[in-house]
Amino acid sequence: MALRDCGNRSRLGRAGTLTAAGAVVAGLAVAQGGPGITGLGPVRRAAFRRLAGEGDPGHVALTFDDGPDPAATPDFARLLGERGVRATFFLLGEMVAKAPGLAADLAAAGHEIGVHGWEHRYLTLRGPRATVDDIRRATDLIEAATGTRPRLFRPPYGVLSGGALLAARRLRLTPVLGGAWGKEWTRGATPASVYASLADRLHGGVTVLLHDSDCTSPAGSARAALGALPRLLDECARRGLPVGPLGQHGWS
């Protein structure tokens, strides 16, 4: 009987160890992937308003992702310059490596520079160490190219992870997503469709998200965003809403 009891306790002990190990694995998975829930627009707007970029109700923040792209970014910069508008550009490290002078030009023109990571990959699929290395590498290069240390971070696809939050804390970066986006990354997008998507959520305090590059989306995406931009700026002016970078949004 004693031997049978000992065997039962041994099996129970192994089962308990396996259960504890499973709990640890599950906990790590939640810590890594859990922040990704903020990528869902309704959740982000309802429970994470600051992360969604909600700011001064008398202002609209204008942001761009995926550049700097020599094929399109100069046209965005030119249009913004003509309209006297500055914006926040979230740059990819691998794009800055190809066009460091263009990154420097954006900063010299008074635009705010943020970090979008080194390459455009879901961070939930990467471990914490790789994520920290990725974001640090991009941040260091952007600083070298522009002469200014970025303070803002937007994850690729707008999806955070535990590793991304850890990296942001270590690098003193503030994560920010967006509240109105043009969806120019969808195939067949046009300036009209981009503006309609933006107008649906345009309000004072919102952060607008557009892309100044086709590097991660169908060809012509950036052109659709560029075509919608004048109409967006006109509508904001009609509503008496100044447009500018996140640094002027009463937020960062």
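A residue counts as buried under 20% relative accessible area, as exposed over 50%, and as partly exposed in between. The model described here is predicted. By this cut-off, 48% of the 252 residues of the chain are buried. The secondary structure comprises nine helices and eight strands. Among contacts with a separation of 6 or more, 78% join residues 24 or more positions apart.

Most residues other than glycine have a negative phi. Lys183 lies in the loop between strand 6 (180–181) and helix 8. The relative accessible area of Lys183 is 41%, so this residue is partly exposed. Arg172 also has a positive phi, of about 60°, and is not a glycine. Arg172 sits in the loop between helix 7 (162–171) and strand 5 (174–175). With a relative accessible area of 76%, Arg172 is exposed.

The backbone has a further feature at a proline. Most peptide bonds are trans. The bond from Gly67 to Pro68, however, is cis, with omega near 5°. Pro68 belongs to the loop between strand 1 (60–65) and helix 3 (73–83).

Strand 2 (residues 88–91) pairs with strand 3 in the parallel sense. Four bridges join strand 2 and strand 3. In one of the pairings, Phe89 has Ile113 of strand 3 as its bridge partner. In a regular strand, side chains alternate between the two faces of the sheet. Strand 3 (residues 112–115) has Glu112 and Gly114 pointing one way. Ile113 and Val115 point the other way. All four of these residues, Glu112 included, are buried.

Helix 8 (residues 191–200) packs with helix 9 (residues 221–238). Their axes are 7 Å apart and meet at an angle of about 50°. That angle makes helix 8 oblique to helix 9. The crossing of the two helices is right-handed. From helix 8, Pro191, Val194, Tyr195 and Leu198 take part in the contact. Their counterparts in helix 9 are Arg223, Ala224, Ala225, Gly227, Ala228, Arg231, Leu232 and Glu235. By class, the contact holds eight nonpolar, one polar and three charged residues.

Methods. Residues numbered from 1 in each chain as written. Predicted model: local features only at pLDDT ≥ 70, side-chain atom pairs only at ≥ 80, totals over all residues. Heavy atoms only, no water. Axes fitted to C-alpha atoms, helices over the stretch in contact; angles between N-to-C directions. Parallel < 35°, antiparallel > 145°, perpendicular 65-115°, else oblique. Left-handed = near helix turned anticlockwise from the far one by under 90°. Contact = heavy atoms within 4.5 Å. Nonpolar A, V, L, I, M, F, W, Y, C, P; charged D, E, K, R; others polar. Buried < 20%, exposed > 50% of the residue type's maximum accessible area, 1.4 Å probe, protein only. Pairing = 2+ DSSP bridges.
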